[in-house]
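Here is a short note to read beside the model. Keep the sequence open as you go through the points.

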Amino acid sequence: LMLPSSVDGVPGIGQKAIQPGETYTYDFTIHDQDVGTHWYHSHDNDLQQVTSGFYGAFIIDPRPGSPQEKTAIHADVDIIDMISELGGYYVISGKSFPDTQPIKLKHGQTVHLRLIGASEMMHPMHLHGSYFNIVAEDGRPLAQSIQKDTVQVAPGETYDLTFYGWADPGSIYPFHCHILSHLMNPGAPMSEMGGLVQLVEYAKA
């Protein structure tokens, strides 16, 4: 987001660090062109705080009556996936498989999946059983969507994906990082799936 440096959150450059026991209220204006998927994170002792989970999604919806509202993404299911590491685990929104939250949908529904790269490394996220449309990057809509089944999510990036639920009721497909070592949990056997895996679960008829 294009913000005054006084509320950009970087200690020593435009803002003083918020000390233990203190509070600070961020006050800035959101503009129509800011609509989209964004995120925030600490910039104070970054390596410790961000890798400890000090981050969150910053979703800006279109203002009623604005031009952005006319081109907004309309989907039946809206999911936010924050991809990162936490305490030696690879996590999606703070959880490693099998504890990741599944994407639940019904046959014929459309999913809007927001991917946020809160990680320190690249994660090529791959969808089984379908392709998706990349409709926005870094909070900005694309002039033309891109059809893929794998997207490289770099540190700091965001992607908005949509896909159509074509599969039969009861179907289950994985959505996962394609760096296979990222599909394991510390201390678990190689035969046990973990890490950056999320299931796409279709409701039974």
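1. Keep in mind that the model is predicted.

2. Is Y24 buried, partly exposed or exposed? Its relative accessibility is 38%, so Y24 counts as partly exposed.

3. Together with I18 and Y26, Y24 makes a nonpolar patch of about 270 Å².

4. The largest pocket holds about 950 Å³ of space. Its lining has 29 residues, and D8, G9, W39, Y40 and H41 are the closest to the centre.

5. Which element gives the most to that lining? The answer is β1, with five residues. By type, the lining of the largest pocket splits into 13 nonpolar, eleven polar and five charged residues.

6. The second largest pocket holds about 460 Å³. It is lined by 23 residues. Nearest its centre lie V35, G36, T71, A72 and I73. Two or more lining residues come from each of β1, β2 (55-60), β6 (110-117), β8 (132-137) and β9 (140-148).

7. Which strand gives the largest share here? That is β9, with three residues. The lining of the second largest pocket divides into ten nonpolar, seven polar and six charged residues.

Technical notes:
Residues numbered from 1 in each chain as written. Predicted model: local features only at pLDDT ≥ 70, side-chain atom pairs only at ≥ 80, totals over all residues. Heavy atoms only, no water. Patch = residues over 30% accessible without salt bridge, like charges linked within 9 Å, V, L, I, M, F, W, Y side chains within 5 Å. Areas by Shrake-Rupley, 256 points an atom, 1.4 Å probe, with all protein chains shown as cover. Salt bridge = Lys/Arg side-chain N within 4 Å of Asp/Glu carboxyl O. Buried < 20%, exposed > 50% of the residue type's maximum accessible area, 1.4 Å probe, protein only. 1 Å grid on protein atoms, 1.4 Å probe; cavity = no way out; pocket = protein on both sides within 12 Å on 5 of 7 lines; lining within 4 Å. Points joined across faces, edges and corners; volume = space filled by probe spheres on them. Helix = DSSP H or I, 4+ residues; strand = E, 2+ residues; numbered from the N terminus. Nonpolar A, V, L, I, M, F, W, Y, C, P; charged D, E, K, R; others polar.
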